[in-house]
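Trainee: I would like to go through this model with you, one question at a time. Please show it first.

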Amino acid sequence: MSPDSTSQQLDEGTPLLHSEANAPAKKPQTPLPWRQFSMLLVLQIAEPMTYQVISPFAPQLIRDIGITHGEEAFVSFYVGLLHSLFFATEALTVFHWSRLSDYIGRKPVLLIGLFGLSLSMFCFGLSKTFWSLVISRCLNGALNGNIGVMKSMTAEMTDSTNMALAWALLPFAWSCGSTLGPLIGGELARPADRFPNIFGDSEFLKEYPYFLPCAVPATASALSWIVIFLYLKETTTPQINISKLLPWRKSKTVPLAALEPLPVSSSISDKPVPIRALFVRPVIIATGSYASVALVDIAFHTVQPVFYATPISLGGLGLDTPTIGTILAIQGVVNGVMQPLAFSRLHDIMGAKNLWLFGVTCALPIVALFPALNALARLSGVDQSVWYLVALQVILWGGLNFAYGVSCIYVAAASPNRASVGATTGFAQVIVSIMRAVGPAVANSAFSISIERQYLGGNLVYCVMAGMVWVAMGVGVLLPRTMWTY
């Protein structure tokens, strides 16, 4: 073989092995539009705050209105029902809000959602009967189309170079709401009893002991409405100019050219696709991953405060409302710190699919810690060892939430085209809302049955929750390692 031939073979083989010159250059990260994106972060706080604010006092509220007639085993059932109603009504409407945002723009739908959150929370705080609580929660869910629209706007504000950073910051904002909600609910419930020097003379707060914690997120939503109305710019080109129909000033539109678009095939229309076009493999798999992790998460969220409030002899920890609120607030802080610090790096190191599977796997020890906590409390009361396990559970929950950010990236990437991002996220949010409606009802009903009939030694609920985790892991296996593009 001639030297020239050998040199040619080395030249052909070497680039395949070690040449960095032929490797594609890493695309520089596009800066996020921080002013606009920060308003989305503020909005992201609103829903978990209004959802979580009732968690610390919901068991006591159910006892106070007398719907259980003194039967402690039924408390968790009615608490789960209140949680489920929000997501059940949201499931009926969220797709239509997201679909509507593809036509009239994102901003008008956000404003309607904020109005609904504020109105419904004021109504919840003024409720004196179980049915008025039901109506308030249904109103809250029905008027709330924000969650899907915010995901659409995030997809429209980002590209492949900065989406991981954006989806790391959204869970951080969600965690802020998850922190503030329980803290507000735990500290401000029954203020006339807890702070007699300040609120002891207020007959109104004695008559409506849960109005104050509900009024705080309601007022925050009202203030957010003003900020969004004045300053948020539209991120899509509306198909219908709503300013011609309503006496609002015209919204400013962010030119899509100013935001680096994701690659779009020239053969795909820039119009929203029909609903039937969403029933394709990428959308179904991405939606399934999002829905399964939401089911696991919401089951944990609804069982956790009830478990803490249930007496030790019945299978819980017997903690009071302020303590429960503090634990849930710390949990939100831990998650809020973990997401922006670790999500983007882990996403780059592990890849989207592996990070999703890691997050869901964290749910197995989370569930196993419930019976372990009760067993320790039965032996020696709520001592230091119990608090160590509570802390471990809180940290693991932060790991579980990595799966949320990954699921949102998959859903946005699965959209048939850029004009259908709202419909795609709305469709995914419908399925997620159904899971979030089913999860509390199933988990808390299983908890009630476990306490009342002592199935599997009172541990039936944890077997049900573990089953949810295994189903989620089965769905996650179907996720591709390479993200879809549209």
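Trainee: Which residues does Ser101 contact, leaving aside neighbours within four places in sequence?
Mentor: Residues are numbered from 1 along each chain as its sequence is written, and side-chain values use heavy atoms, with hydrogens and water left out. Ser101 lies in helix 4, helices being DSSP runs of H or I with at least four residues, numbered from the N terminus. With contact meaning heavy atoms within 4.5 Å, and neighbours within four places set aside, the partners of Ser101 are Arg106, Val109, Val149 and Thr236.

Trainee: Is Ser101 buried or exposed?
Mentor: Buried means under 20% relative accessible area, exposed over 50%, and partly exposed in between (1.4 Å probe, protein chains only). Ser101 has 0% relative accessibility, so the class is buried.

Trainee: What distance separates the side chains of Ser101 and Arg106 in their polar contact?
Mentor: A polar contact is a pair of N or O atoms within 3.5 Å; within protein, one must be able to donate a hydrogen and the other to accept it, and residues adjacent in sequence count only if both atoms are side-chain atoms. The side chains of Ser101 and Arg106 are joined by such a contact at 2.8 Å.

Trainee: How far apart in space are the C-alpha atoms of Ser101 and Gly422?
Mentor: In sequence, Ser101 and Gly422 are separated by 321 residues. From C-alpha to C-alpha, the distance between Ser101 and Gly422 is 6.6 Å.

Trainee: What relative accessible area does Thr89 have?
Mentor: Thr89 is found in helix 4 (residues 75-104). Beyond four places in sequence, Thr89 contacts Arg137, Cys138, Gly141 and Ala142. Thr89 counts as buried because its relative accessible area is 14%.

Trainee: What is the phi of Arg190?
Mentor: Arg190 sits in the loop between helix 8 (163-188) and helix 9 (191-194). Arg190 is partly exposed, at 31% relative accessible area. Although Arg190 is not a glycine, its phi is positive, about 50°.

Trainee: How many contacts beyond four places in sequence does the model have for residues 1-24?
Mentor: The chain averages a pLDDT of 80, and 86% of the residues score at least 70. Where pLDDT is low, the predicted coordinates should not be read in detail. Over residues 1-24 the pLDDT stays under 50, and the number of such contacts is five.

Conventions:
pLDDT = per-residue confidence, 0-100. Helix = DSSP H or I, 4+ residues; strand = E, 2+ residues; numbered from the N terminus.
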